Amino acid sequence: MLENFWNNPVVRDWSGRNRSIGVLGFGMSGKTVLLTSLRNHLRSHNPDQFDLEGQRICELKDVTGPESGIWKSFPYEENRFRMAHDREWPSRTVDCSCQRLQFRMKNRRNQKSWMHYRLTLYDIPGERTPDVCFYENDYAQWSDWILEDLARFVSQQRQPQETVFVQSFLQQANTPSANATVEGLVRSYKLALIEICSAGKLDLVPSLFLLDEKGVRLSEKITRLSQTETNENVCEILPKQCSCGCPGKEFVPLGPAWREHYVRLGGASYLPDLSRISQFFTRMDTKDAILQAFVQGYEKYRREYVVPLFGTLINCDSLAVLIDIPSILQNGPHQLNATRNMVENTLKGLRPGDGTLRWLLTMGFQRKIERIAFVATQCDRFYHGDWETLRRMTEKLADDICNRMEGNVEHRSFYCAAVQSTDSSDDGTIRFQRKTGGTQTVPVWKIPPQWHGNFPTENDQLWCDFRENNAPAGEFRACKTSPSFPKDESTPPRQVGLDQIFRFLTQW
């Protein structure tokens, strides 16, 4: 009876034995690898490889249950087999996934806990993250946000010809025209998004444009069409293959001049149903009809795609935000700015540490995000003496973001290699196993000592110096390392920092 009392969901929640963690980051930042490695360590816990300060995990069970809505089961077995047997990294995430694990813990005296611990882990594709801007904004607020972002993009480009489609859409979105149509505005916005994507900006919304319902990415469509079509034909065909919202309910942002009849009631977008009152007029106002179509499309997309996703993440206890330092160093200030904007906009929407009143009003049954781990992933791609520098660089980025946030949230920065697949030597090289067998040794990335844990400013000469002085290391950037993952399921992979992240996020 005592055991049943402790394992009651309400008691376990109040006692801190329930934890839910959301994992966020751009595509290829290592979310799937981290979650697969973590589960393997929890499933076959070895205190010497995964330190929990004297405790040991046992009796782990997967209690995820059937799939529901947008949340699919995390493909743990598939990912592990791919890394251990095929010696390939997992495929890029296309589904929002959830896994719920239940287990007990043993202390140093080998005494088993009365209570079950339950851990819920959420993973979403990097392309879905920008959709957070829909969560608590109505159509007017979202439109202003996006149009301001597009105008900022135009101002940051050096060549006007690089933003022809974006400028054209901004003109149409800010200046109503009697000749405007829903189809024309949607096509113009799609061409603008394609132009922005070509410039390397990936925080595009709605995210179905970047990653459709079938899991096909925009980059894959462009590559496939470019092999057989001219640039002119690509611009004609590609917009038809991409969607700006739910099928049949696409929408685009429109400026204040379009929204003079737009109001907000009850916290939701609202526009009079012109189809019911049109009988009193000889013709319906074209501008209001277009606006009505877009508002309805916006609300449908928000209801069916955004709320189920971010309504879950906002109630997590903790977040792990993965920072892809190798991509930042390879691509320079552009990638740094994109990463900063993605993280800042996401946390702004999820409001970590801002749920005390919500927690009180719901008697503690609705959580708030209390901790955020900012993780410099893939640290094993660097010389081991630079790992602490990576952590300090991530810490500086995290501090800049969190200092601008409202609410009180605990955050900490880490370096991590969820699957350590390389070994670095003091002679300035990194060694790893080839997929085909044997080992390969390549020059190591060296972090310039002048950086002292900080990223240079955008116009700093250090960016150019770093890339020029490390030109030989480009061979390593292009080289695909294979995961070093044991085939024996009871043997987890080597890891760096993953256990520290787990202890911080769960406080177990």
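The model is a predicted one, in which local features need pLDDT of at least 70 and side-chain atom pairs count only at pLDDT 80 or more, whereas totals for chains, interfaces and linings use all residues. Residues are numbered from 1 along each chain as its sequence is written, and side-chain values use heavy atoms, with hydrogens and water left out. Because the expected span is 1.5 Å times one less than the number of residues, the 16 residues of helix 15 (residues 387–402) should span 22 Å, which agrees with the 22 Å between its end C-alpha atoms.

The structure holds 20 aromatic pairs, where rings of Phe, Tyr and Trp (its six-membered ring) pair if their centres lie within 6.5 Å, and planes under 30 degrees apart count as stacked, over 60 as edge-to-face and the rest as tilted. Y139 and W142 form a tilted pair, with 6.1 Å centre to centre and 40° between the planes; both residues lie in helix 5 (residues 139–156), 3 residues apart, or about one turn of the helix, and both are buried. The pair of F251 and Y298 is edge-to-face, because the ring centres are 5.7 Å apart and the planes stand at 80°. This pair links distant parts of the chain, 47 residues apart, with F251 in the loop between strand 7 (249–250) and strand 8 (263–265) and Y298 in helix 11 (residues 286–313). F251 counts as buried at 0% relative accessibility, and Y298 counts as buried at 0% relative accessibility. One aromatic cluster is formed by F134, Y139, W142, F251, Y298, Y301 and Y305.

An open sheet of 3 strands has the order 13-14-15 with antiparallel pairing, two strands being paired if DSSP finds at least two bridges between them. Strand 13 (422–425) and strand 15 (439–443) stand at the edges with a single partner strand each, so one side of each is left without a neighbour in the sheet. Strand 14 (residues 429–433) pairs with strand 15 in the antiparallel sense over 5 bridges, and T429 has P443 in strand 15 as its bridge partner.

Notes:
Helices (H or I, at least four residues) and strands (E, at least two) are DSSP runs, numbered from the N terminus. Buried means under 20% relative accessible area, exposed over 50%, partly exposed in between (1.4 Å probe, protein chains only).
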